[in-house]
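Good morning, and thank you for joining this group meeting.

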Amino acid sequence: MPGRKVRVLVAKPGLDGHDRGARVVARALRDAGMEVIYTGLHQTPEQIAETALQEDVDVIGLSILSGAHMTLTPRIKGLLQEKGLGDIALVVGGIIPEDDAAELLKGGFADQVFTPGDSLDKITGCINGIISSHRKS
Amino acid sequence: MDIIKAEKVRKNKESWEDEISGLPERSEPFDTVSGMPVQALCTPLDLKGFDYEEDLGFPGSYPYTRGIQANMYRGRIWTMRQFSGFGDAYDSNRRYCYLLEQGQTGLSVAFDLPTIMGYDSDHERSLGEVGRCGVAIDSLEDMEILFDQIPVDKVTTSMTINGPAAILWCMYLANAEKQGISLDRVGGTVQNDILKEYIAQKSWIFPPEPSMRLITDIFSFAADHVPQWNTISISGYHIREAGSTAAQELAFTLADGFAYVEAGIKAGLDVDNFAPRLSFFFNAHIDFFEEICKYRAARRIWARRMKELYGAKDPRSLKMRFHTQTAGCSLTAREPENNIVRTAIEALSAVLGGTQSLHTNSMDEVLALPTERAVKIALRTQQVIAYESGVANTIDPLGGSYFIETLTNRLESEAEEYFRRIDELGGIMAAIDCGFFQQEIADAAYAYQRAIDAGERIVVGVNRHHSDEPVQIDLLKINPAVESDQVRRLKLLKEKRDNTAVSRCLEELRHSAAGSDNLIPIILKAVKVYATEGEIVAVLKEVFGEYREKPLF
């Protein structure tokens, strides 16, 4: 679908309430011309996969600051694959130690991991990059 | 200042302004971290009508701008209270004993997210979260392990718990009784501030009305039985971490405080019966002077309004006591050692602002929960300020500075403006419902991030003066077996406790919750027979329902 706006689901899995990052990123993506759906807090992996399906998104951005990223990210990736949504790009942001980030990327659970200090421009640019390579392939 | 002298100052100021108008200035904006413009110089002209007695007074005297104790840190240094908790109760107990050995003077418990949200460790929502962000507590048994060998009549404990505050507080009290300590000798703080959860921290369970009932039940039970307990810690910390400005933190926190006072009065309590046990919790962000002025303004606003609006007569009701934590959101993942310096500056502002207790963040907290080494440096930072720097020798040393008093006044009037807007919206609950606070904070957070990305706000090591060396720092790893061990111990507990007694207590709780009795005695009874937190919350959810937020960004 050439010309279709990139649709992004910004999702907050897990039990923590730290939504500053999710909301700032959601707004930046919207300002960069994407269509953004924000789930709100305390979503289960099942709810996130279901919303991704309903909303027909290109990208899911998970925001996790609770330390549960190594449990939640693979679970969400697995559910997406079960639903035949394995081609949706999955990016993760939060307090994620370098070793864990490497493991998430290596295991194919995430397409990109963002950590504190990454600029909004970097995040937007990176998502655009992932999408254009997805759309080509 | 008499008129002739003022005229002279004005003239000299004009010629000074002429002189600097031709001088080149740095290109960075001259404003605070909150975006408030800062003038190059303050003079007596900025303090027209300033009245020492009325605006400052003496430490320990109304309106307490200079501090709430008459002799402040000359009497006793602030309480050094590091927020801490991870893994299971055994892990955290070891860390508490270590901190006390290192000279820490109070404890502060960080609970894990399942505990904060009212789930037991074996609940499916707890998967992957047990012991991650704090310590996992399911029952009185865990609380007993957590405070093993810690004399709770000698050490005061602060507990960061809100939605299920009543339950965790009851576990703490039950443990004290088991240690043979009567409740009137137990001191500490329970955060218990649900309004800021709706506004910023977002760890809520029940809707506002039953939440406020649990809070006033705690006020009332403590006034009768646990007189040394701080029944609430009205918190600006999380509002600031969510991205607010200093003025918003000040205004929203105080507005919450007044809402609790009104709730207490509405519940039939005399204001001087519960107000002396209200306490506050502020952030110490990186803008040194703005923070100091925020604390000074907070004390003055609280005292004035409590006296004039709510008719408090007991001086203890007028004194704002507060804890401070340095700003987690000011720390950077890059070059984390720089965070030690940031934290030291922030801690100094809290001390110059007259805090009663202080947590200093560890340099690695932007990456993980802190290691023992990192937390020791953070504690040592406070000890250096207390015992080497000399700042604790005199009281409110910046009081009377033209700049400090001007900024204190300005923050006070910005807060008053917010109070007016909140009133216009119909009060705190109405303002929460329409997303007023949430939107104000989101706007401020977005503007701040944009300013950093644009290089208008400088963060050393991130967008100025940075190196590309990889971060080399040891991080604390949570033992992955914590979750399964905790679940196993919980299962054992449920087998060995008196389950008939548990069911009976839970039934009684359901009945009381549907009525209007004070719920603390029955919750206390339930935790003593080892009903779990999750079981108690589940019963209350059935009666009270759950809170839901409209997601916005």
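Predicted model: local features only at pLDDT ≥ 70, side-chain atom pairs only at ≥ 80, totals over all residues.

Which residues does A52(A) touch, not counting residues up to four places away in sequence? They are L9(A), V57(A), I60(A), L80(A), L85(A) and I88(A).

Is A52(A) buried or exposed? A52(A) is buried, because 25 other C-beta atoms lie within 10 Å, and 20 or more are required for that label. A separation along the chain need not be a separation in space, and here is a case to look at. A52(A) and V8(A) are 44 residues apart along the chain, yet 8.8 Å separates their C-alpha atoms.

I turn now to chain A as a whole. Its secondary structure comes to 5 helices and 5 strands, and from the N terminus on the elements run β-α-β-α-β-α-β-α-β-α. The radius of gyration of chain A is 13 Å, close to the 14 Å that the globule rule gives for 137 residues, so chain A is as compact as a globular protein of that length. Along its principal axes, the C-alpha trace spans about 40 × 35 × 30 Å. Of the 137 residues, 54% count as buried. If we take the contacts in chain A between residues at least 6 apart in sequence, 72% of them join residues at least 24 apart.

How do the two chains meet? In the model, 27 residues of chain A are in contact with 30 residues of chain B. On the side of chain A that touches chain B, the elements giving two or more residues are α1 (20-31), α3 (69-82) and α5 (120-136) of chain A. The largest share, 5 residues, comes from α1(A). By class, this side of chain A has 11 nonpolar, 10 polar and 6 charged residues.

Next, chain B. Here we find an open sheet of 9 strands in the order β5-β4-β3-β2-β1-β9-β8-β7-β6, with parallel pairing.

Strand β1 (residues 79-84) and strand β9 (residues 357-359) of chain B pair in the parallel sense over 2 bridges, and T79(B) stands opposite S357(B) in β9(B). Helix α4 (residues 89-101) of chain B lies across β1 and β2 (106-110), running at about 160° to β1(B).

Strand β2 of chain B contains L107(B). L107(B) is buried, with 26 other C-beta atoms within 10 Å. Leaving aside neighbours within four places in sequence, L107(B) is in contact with R81(B), Y96(B), V155(B) and T157(B).

In soluble globular proteins, nonpolar side chains tend to be buried together. The largest nonpolar core in this model has 188 residues, and among the members that touch the most others are V8(A), I60(A) and A166(B). Helix α7 (residues 165-178) of chain B gives the most to this core, with 11 residues. As for A166(B), the residues it touches beyond four places in sequence include L214(B), I218(B) and I523(B).

Thank you for your attention.

How values were computed
Residues numbered from 1 in each chain as written. Chains lettered and ligands numbered in written order. Pairing = 2+ DSSP bridges. Helix = DSSP H or I, 4+ residues; strand = E, 2+ residues; numbered from the N terminus. Contact = placed C-beta atoms within 7 Å. Axes fitted to C-alpha atoms, helices over the stretch in contact; angles between N-to-C directions. Nonpolar A, V, L, I, M, F, W, Y, C, P; charged D, E, K, R; others polar. Buried ≥ 20, exposed ≤ 12 C-beta atoms within 10 Å, placed from the backbone. Core = buried A, V, L, I, M, F, W, Y, C linked by C-beta atoms within 7 Å. Rg over C-alpha atoms; globule rule 2.2 N^0.38 Å.
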